[in-house]
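Me: Please take a close look at one part of this model, the strands and how they pair. Keep it brisk.

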Amino acid sequence: MRRDDRDDPFDDLFREIERMMNEMMGEDFDMRVERGTGGGSTGFGTETHVDVHETDDEVRVVADLPGVVKEDIDLKCDGEVLTISAASDHREYDERVRLPAQVDEHSATATYNNGVLEVTFEQSDESADIDVQ
């Protein structure tokens, strides 16, 4: 097949990267790359940006979720990792964000405005002091 006849000039490159990953990991690594505006879920990383900001008192996570309705956002936190799940008509988002510090997940406040999600946590002590008797 001549190069001009190919739909995607990067197919060979992605196949080679996938082959090298399989060789390194010893597994069946599947590198799925979706381009264009076709349907399907692309998840975070392609058009979504997630920022994490830390101060002495709080941790704030800001994520772009374009096209998502507020009621379709699901947030979970275990004190160390924030899981953001959301869906729109055209894609699904599922992101696990490792927080830079231990937080009190019960202190969380979240706002969603114009496609931007902001979640704020109070920092908690990383571990409690234990008195030896």
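Reply:
**The strands and their pairing**

Seven bridges join strand β4 (residues 81-87) to strand β5 (residues 92-98), and the two run antiparallel. Strands here are DSSP runs of E with at least two residues, numbered from the N terminus. Two strands pair if DSSP finds at least two bridges between them. β4 and β5 form a hairpin, with four residues between them. Within this pair, V81 has R98 of β5 as its bridge partner.

This is a predicted model, where local features need pLDDT of at least 70, side-chain atom pairs count only at pLDDT 80 or more, and totals for chains, interfaces and linings use all residues. Residues are numbered from 1 along each chain as its sequence is written, and side-chain values use heavy atoms, leaving out hydrogens and water.

Now the sheet. Four strands form an open sheet, in the order β1-β2-β7-β6, with antiparallel pairing. Its edge strands are β1 (50-54) and β6 (103-113), and each pairs on one side only. From one strand to the next, the twist averages 15°.

V52 has V61 in β2 as its bridge partner.

Last, confidence. pLDDT is the predictor's confidence in each residue, from 0 to 100. The chain averages 77, and 70% of the residues score at least 70. Over residues 1-5 the pLDDT is below 50. Over residues 29-46 the pLDDT is also below 50.

Technical notes
Axes fitted to C-alpha atoms, helices over the stretch in contact; angles between N-to-C directions. Contact = heavy atoms within 4.5 Å.
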